[in-house]
Amino acid sequence: MEPTSHIPENNKKPPIVTQKFSQALKTANHKELKSTGFWLNQFFMVISTVFGVYLAAQSGLEQALKFDSFSKMEDNYYLRTSLFDEVADNANSMEEYANLLAKSPSIKEIEYFKPTLEKYIWQTMQYSPTTLETPSELLTQIRRFYSRAKFLIDAVANKRISARQAAEELKEITNLIKTQTLPALKNSAKQLKMELQQNDISVGSLKELTNAN
(Lines give C-alpha, C1' and ligand atoms only; values in the text may rest on other atoms or scores of the structure.)
Protein backbone atom coordinates (compact mmCIF):
# COMPACT_ATOMS: atom_id res chain seq x y z
CA MET A 1 0.00 0.00 0.00
CA GLU A 2 1.53 3.31 -1.18
CA PRO A 3 1.87 6.05 1.40
CA THR A 4 -0.39 9.06 1.02
CA SER A 5 1.49 12.13 -0.08
CA HIS A 6 0.85 15.36 1.86
CA ILE A 7 1.32 18.71 0.13
CA PRO A 8 2.45 21.45 2.52
CA GLU A 9 -0.03 24.24 2.93
CA ASN A 10 2.50 26.86 1.97
CA ASN A 11 2.86 25.12 -1.39
CA LYS A 12 -0.85 25.32 -2.17
CA LYS A 13 -1.72 27.45 -5.22
CA PRO A 14 -3.62 30.65 -4.46
CA PRO A 15 -7.26 30.82 -5.48
CA ILE A 16 -8.05 32.08 -8.95
CA VAL A 17 -9.71 35.26 -7.54
CA THR A 18 -6.57 36.19 -5.59
CA GLN A 19 -4.42 35.66 -8.63
CA LYS A 20 -6.62 37.92 -10.75
CA PHE A 21 -6.61 40.66 -8.09
CA SER A 22 -2.81 40.57 -7.91
CA GLN A 23 -2.57 40.82 -11.67
CA ALA A 24 -5.02 43.76 -11.67
CA LEU A 25 -2.89 45.64 -9.16
CA LYS A 26 0.22 45.09 -11.24
CA THR A 27 -1.39 46.29 -14.43
CA ALA A 28 -3.39 49.21 -12.84
CA ASN A 29 -2.55 52.72 -13.91
CA HIS A 30 -1.40 54.61 -10.81
CA LYS A 31 -0.64 57.84 -12.60
CA GLU A 32 -3.95 59.46 -11.61
CA LEU A 33 -3.45 58.56 -7.93
CA LYS A 34 0.09 59.91 -8.01
CA SER A 35 -0.82 63.17 -9.72
CA THR A 36 -0.95 66.36 -7.62
CA GLY A 37 -4.12 67.55 -9.33
CA PHE A 38 -6.12 64.58 -8.12
CA TRP A 39 -5.27 65.18 -4.48
CA LEU A 40 -5.81 68.93 -4.76
CA ASN A 41 -9.23 68.26 -6.24
CA GLN A 42 -10.12 65.97 -3.36
CA PHE A 43 -8.81 68.50 -0.84
CA PHE A 44 -10.89 71.35 -2.25
CA MET A 45 -13.97 69.13 -2.35
CA VAL A 46 -13.62 68.44 1.38
CA ILE A 47 -12.96 72.12 2.17
CA SER A 48 -15.95 73.30 0.12
CA THR A 49 -18.21 70.76 1.83
CA VAL A 50 -17.10 71.83 5.31
CA PHE A 51 -17.41 75.53 4.40
CA GLY A 52 -20.90 74.96 2.99
CA VAL A 53 -22.04 73.25 6.19
CA TYR A 54 -20.53 76.10 8.24
CA LEU A 55 -22.34 78.77 6.21
CA ALA A 56 -25.63 76.92 6.52
CA ALA A 57 -25.22 76.62 10.30
CA GLN A 58 -24.20 80.29 10.58
CA SER A 59 -27.21 81.40 8.56
CA GLY A 60 -29.53 79.27 10.69
CA LEU A 61 -28.10 80.74 13.90
CA GLU A 62 -28.46 84.28 12.57
CA GLN A 63 -32.10 83.70 11.65
CA ALA A 64 -32.81 82.18 15.07
CA LEU A 65 -31.27 85.20 16.83
CA LYS A 66 -33.28 87.61 14.69
CA PHE A 67 -36.50 85.75 15.38
CA ASP A 68 -35.80 85.81 19.14
CA SER A 69 -35.02 89.53 19.06
CA PHE A 70 -38.14 90.44 17.07
CA SER A 71 -40.29 88.15 19.22
CA LYS A 72 -39.13 89.94 22.40
CA MET A 73 -39.77 93.28 20.71
CA GLU A 74 -43.31 92.21 19.89
CA ASP A 75 -43.87 91.01 23.48
CA ASN A 76 -42.69 94.36 24.80
CA TYR A 77 -45.01 96.19 22.39
CA TYR A 78 -47.99 94.35 23.86
CA LEU A 79 -46.74 94.97 27.38
CA ARG A 80 -46.38 98.75 26.86
CA THR A 81 -49.77 98.97 25.17
CA SER A 82 -51.49 97.09 27.99
CA LEU A 83 -49.68 99.15 30.62
CA PHE A 84 -50.76 102.35 28.86
CA ASP A 85 -54.43 101.35 29.03
CA GLU A 86 -54.19 100.37 32.70
CA VAL A 87 -52.39 103.56 33.80
CA ALA A 88 -54.79 105.72 31.76
CA ASP A 89 -57.77 104.13 33.53
CA ASN A 90 -56.16 104.69 36.94
CA ALA A 91 -55.32 108.30 36.08
CA ASN A 92 -58.96 108.94 35.14
CA SER A 93 -60.13 107.40 38.43
CA MET A 94 -57.72 109.57 40.43
CA GLU A 95 -58.85 112.68 38.57
CA GLU A 96 -62.51 111.97 39.30
CA TYR A 97 -61.72 111.34 42.98
CA ALA A 98 -59.70 114.54 43.16
CA ASN A 99 -62.68 116.51 41.80
CA LEU A 100 -64.85 114.95 44.49
CA LEU A 101 -62.36 115.78 47.26
CA ALA A 102 -62.13 119.37 46.04
CA LYS A 103 -65.79 119.79 47.09
CA SER A 104 -64.93 118.90 50.71
CA PRO A 105 -67.27 115.89 50.91
CA SER A 106 -68.28 114.10 54.11
CA ILE A 107 -66.15 111.29 55.48
CA LYS A 108 -68.82 108.84 54.38
CA GLU A 109 -68.54 110.04 50.78
CA ILE A 110 -64.76 109.92 50.98
CA GLU A 111 -64.92 106.29 52.11
CA TYR A 112 -67.70 105.27 49.72
CA PHE A 113 -66.10 106.68 46.57
CA LYS A 114 -62.58 105.64 47.54
CA PRO A 115 -61.02 104.39 44.28
CA THR A 116 -58.91 101.28 43.80
CA LEU A 117 -55.73 101.35 41.75
CA GLU A 118 -55.93 98.56 39.21
CA LYS A 119 -52.51 96.89 39.00
CA TYR A 120 -53.03 93.63 37.11
CA ILE A 121 -50.63 94.54 34.29
CA TRP A 122 -48.23 96.30 36.63
CA GLN A 123 -47.94 93.28 38.90
CA THR A 124 -47.85 90.79 36.02
CA MET A 125 -44.87 92.65 34.54
CA GLN A 126 -42.57 91.28 37.23
CA TYR A 127 -42.87 87.87 35.56
CA SER A 128 -42.16 89.15 32.05
CA PRO A 129 -38.57 88.87 30.73
CA THR A 130 -39.12 91.98 28.58
CA THR A 131 -40.26 94.33 31.37
CA LEU A 132 -36.89 96.03 31.81
CA GLU A 133 -36.73 96.72 28.07
CA THR A 134 -39.39 99.35 28.75
CA PRO A 135 -37.74 102.78 29.31
CA SER A 136 -36.75 102.89 32.98
CA GLU A 137 -37.83 106.53 33.45
CA LEU A 138 -41.40 105.61 32.48
CA LEU A 139 -41.48 102.69 34.90
CA THR A 140 -40.15 104.98 37.64
CA GLN A 141 -42.79 107.63 36.97
CA ILE A 142 -45.60 105.07 37.08
CA ARG A 143 -44.25 103.49 40.27
CA ARG A 144 -44.11 106.88 42.00
CA PHE A 145 -47.61 107.76 40.79
CA TYR A 146 -49.09 104.55 42.19
CA SER A 147 -47.24 104.93 45.49
CA ARG A 148 -48.20 108.57 46.06
CA ALA A 149 -51.82 108.11 44.95
CA LYS A 150 -52.31 105.24 47.38
CA PHE A 151 -50.77 107.30 50.19
CA LEU A 152 -53.09 110.24 49.52
CA ILE A 153 -56.20 108.06 49.29
CA ASP A 154 -55.41 106.37 52.63
CA ALA A 155 -54.35 109.62 54.30
CA VAL A 156 -57.54 111.51 53.47
CA ALA A 157 -59.68 108.52 54.47
CA ASN A 158 -57.91 108.40 57.86
CA LYS A 159 -58.17 112.19 58.30
CA ARG A 160 -54.41 112.67 58.32
CA ILE A 161 -54.70 115.34 55.62
CA SER A 162 -57.61 117.48 54.48
CA ALA A 163 -59.72 116.60 51.47
CA ARG A 164 -58.74 119.83 49.73
CA GLN A 165 -55.01 119.15 50.21
CA ALA A 166 -55.38 115.60 48.90
CA ALA A 167 -57.37 116.88 45.91
CA GLU A 168 -54.68 119.37 44.94
CA GLU A 169 -51.86 116.82 45.08
CA LEU A 170 -53.88 114.12 43.31
CA LYS A 171 -54.60 116.54 40.48
CA GLU A 172 -50.93 117.43 40.28
CA ILE A 173 -49.58 113.88 40.01
CA THR A 174 -52.42 112.86 37.70
CA ASN A 175 -51.65 115.76 35.39
CA LEU A 176 -48.00 114.70 35.18
CA ILE A 177 -48.97 111.16 34.29
CA LYS A 178 -51.45 112.28 31.63
CA THR A 179 -49.31 114.95 29.99
CA GLN A 180 -45.85 113.35 30.24
CA THR A 181 -45.75 109.64 31.09
CA LEU A 182 -48.67 108.33 29.06
CA PRO A 183 -47.77 110.14 25.80
CA ALA A 184 -44.15 108.96 26.14
CA LEU A 185 -45.29 105.38 26.82
CA LYS A 186 -47.64 105.41 23.84
CA ASN A 187 -44.92 106.84 21.59
CA SER A 188 -42.42 104.18 22.71
CA ALA A 189 -44.90 101.44 21.80
CA LYS A 190 -45.41 103.03 18.36
CA GLN A 191 -41.65 103.06 17.79
CA LEU A 192 -41.48 99.32 18.47
CA LYS A 193 -44.30 98.71 16.02
CA MET A 194 -42.59 100.83 13.37
CA GLU A 195 -39.30 99.00 13.83
CA LEU A 196 -41.05 95.67 13.36
CA GLN A 197 -42.79 96.94 10.22
CA GLN A 198 -39.46 98.16 8.83
CA ASN A 199 -38.30 94.55 9.05
CA ASP A 200 -41.45 93.39 7.21
CA ILE A 201 -43.04 92.04 10.39
CA SER A 202 -46.60 92.95 11.28
CA VAL A 203 -47.56 92.89 14.95
CA GLY A 204 -49.10 89.53 15.77
CA SER A 205 -47.49 87.62 12.90
CA LEU A 206 -44.72 86.13 15.04
CA LYS A 207 -47.25 84.88 17.58
CA GLU A 208 -49.23 83.23 14.80
CA LEU A 209 -46.06 81.62 13.45
CA THR A 210 -45.07 80.35 16.90
CA ASN A 211 -48.53 78.90 17.56
CA ALA A 212 -48.52 77.25 14.14
CA ASN A 213 -45.37 75.36 15.09
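Trainee: What volume does the largest pocket have?
Mentor: About 160 Å³. A pocket here is an open set of points on a 1 Å grid over the protein atoms alone, where a 1.4 Å probe fits, with protein on both sides within 12 Å along at least five of seven lines. Points are joined across faces, edges and corners, and the volume is the space filled by probe spheres set on them. Keep in mind that this is a predicted model, where local features need pLDDT of at least 70, side-chain atom pairs count only at pLDDT 80 or more, and totals for chains, interfaces and linings use all residues. Residues are numbered from 1 along each chain as its sequence is written, and side-chain values use heavy atoms, with hydrogens and water left out.

Trainee: OK, which residues line the largest pocket?
Mentor: Q141, R144, F145, R148, I173, L176, I177, Q180 and T181. Lining residues have an atom within 4 Å of a point.

Trainee: Which helix gives the most to that lining?
Mentor: That's α7, with five residues. Both α6 and α7 supply at least two residues each.

Trainee: And how do the lining residues divide into nonpolar, polar and charged?
Mentor: Four are nonpolar, three polar and two charged. Nonpolar covers Ala, Val, Leu, Ile, Met, Phe, Trp, Tyr, Cys and Pro, charged covers Asp, Glu, Lys and Arg, and the others, Gly among them, are polar.

Trainee: Switching topic: how many helices and strands does the protein have?
Mentor: Eight helices and zero strands. These are DSSP runs numbered from the N terminus, with helices being H or I of at least four residues and strands E of at least two.

Trainee: What share of the residues count as buried?
Mentor: 27% of the 213 residues. Buried means under 20% relative accessible area, exposed over 50%, and partly exposed in between, with a 1.4 Å probe and protein chains only.

Trainee: Now the backbone. Where is S104 found?
Mentor: In the loop between α3 (36–101) and α4 (107–112). Most residues other than glycine have a negative phi.

Trainee: Why does S104 count as partly exposed?
Mentor: Because its relative accessibility is 45%.

Trainee: What about K159, where is that found?
Mentor: K159 is in the loop between α6 (136–157) and α7 (163–198). Phi of K159 is near 60°, again a positive value in a residue other than glycine.

Trainee: Is K159 buried or exposed?
Mentor: K159 is exposed, with a relative accessible area of 65%.
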